[in-house]
Amino acid sequence: MTPSANPPPLLGPDDPEPVICLNPRGRSPFILTGDHAGCAIPARLGTLGLEEEDLSRHIALDTGVAELGAAMSERLDAVFLAQAYSRLVIDCNRAPSSAEAILAIADATPVPGNAGLTGLARELRVNEIHAPYHARLAEEIQARWHPGTPVVLIALHSFTPVLGEVVRPWDVGILHAGGNESFSRRLLDAFAREPGLRVGDNQPYHMDETDYSIPRHAFGSTLDYAEIEVRQDHIADGAGQRHWSELLCMALEEAHSR
């Protein structure tokens, strides 16, 4: 039997669209994104061979970011673009050709559904999930960013307090390394005035060649940006999400006003 010239799509009629857009008419200069906000898995892929417990861990999504982004979108009157699918299906903050885009082992946990993928299987995930997300983000930036009209791209992420055996002491981190870093540095200054707040400057991660979203959409231009990492246990419940929404929005507005 010869392979089908037109393989069936990955996403079925009951699967969600890859891009979740909240407040599309928001008038704020901020464009909020959530590369790892979602936890959906296409029905065709089942559970990727994982238990439910694993699918709620940091390997599958950035805990609290969907809710944090929604709260910030409302408070700032900003658009929020979030990826609906789990980063285990494909990581939208990695280049589609990267070995890290689809992990067969995530933080020491084997992902059976990602092992030994064919080129076609990878291509379907790129074409139906990764590419539409970045195309929608590019469209949003193009529609809003005009001479004299300020736009700031804010990528929202969360990080686990302990990775392996490494304890991460920061409450929040600001990632920046390339392009127009002026807004990121003003944001660091704004956070520095918050008493007792442990702020990481390119911690717990350093923005490098593994990052994809901010470099693709902000580097090589004068677009203001910041990638924000919040400790997952700080935004794991509604009270924490509301608190950090207020704190982040105040810092963003201060940095933008300077």
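My notes below go from the whole chain down to single residues.

**Whole chain.** I'm working from a predicted model, not an experimental one. I looked up the secondary structure and got five helices and eleven strands. The radius of gyration is 18 Å, close to the 18 Å from the globule rule for 258 residues, so the chain is as compact as a globular protein of that length. I also noted the span of the C-alpha trace along its principal axes, about 65 × 45 × 30 Å. Of the 258 residues, 50% count as buried. For contacts between residues at least 6 apart in sequence, I find that 82% join residues at least 24 apart.

**Surface and charge.** The chain exposes about 12,000 Å², with carbon and sulfur atoms supplying 54% of that. I have 20 positive and 36 negative side chains down, and the centres of the two sets lie 4 Å apart.

**Helix 3.** Next I checked residues 182–192, where the buried ones include Phe183, Leu187 and Phe191. Residues three or four places apart on an α-helix point the same way, because there are 3.6 residues a turn. Ser184, Arg186, Leu188 and Ala190 are buried too. What do the buried residues of helix 3 pack against? I get helix 5 (238–257) plus several strands, among them strand 6 (152–159) and strand 11 (224–231).

**Cysteines.** My disulfide count is zero. The sulfur of Cys21 has its closest cysteine sulfur in Cys92, 15 Å away, which is too far for a bond. Cys249 is in no disulfide either, as its nearest cysteine sulfur, that of Cys21, is 17 Å away. Buried or exposed? Cys249 is buried at 0% relative accessibility, while Cys21 is partly exposed at 28%.

Key:
Residues are numbered from 1 along each chain as its sequence is written. This is a predicted model: local features need pLDDT of at least 70, side-chain atom pairs count only at pLDDT 80 or more; totals for chains, interfaces and linings use all residues. Side-chain values use heavy atoms; hydrogens and water are left out. Buried means under 20% relative accessible area, exposed over 50%, partly exposed in between (1.4 Å probe, protein chains only). Helices (H or I, at least four residues) and strands (E, at least two) are DSSP runs, numbered from the N terminus. Contact means heavy atoms within 4.5 Å. The radius of gyration is taken over C-alpha atoms; the globule rule is 2.2 Å times the number of residues to the power 0.38. Accessible areas come from the Shrake-Rupley method with a 1.4 Å probe; for residues, only the protein chains shown count as cover. Lys and Arg count as positive and Asp and Glu as negative; His and the chain ends are not counted. The place of a charge is taken as NZ of Lys, CZ of Arg, CG of Asp or CD of Glu. A disulfide is a pair of cysteine sulfur atoms within 2.5 Å.
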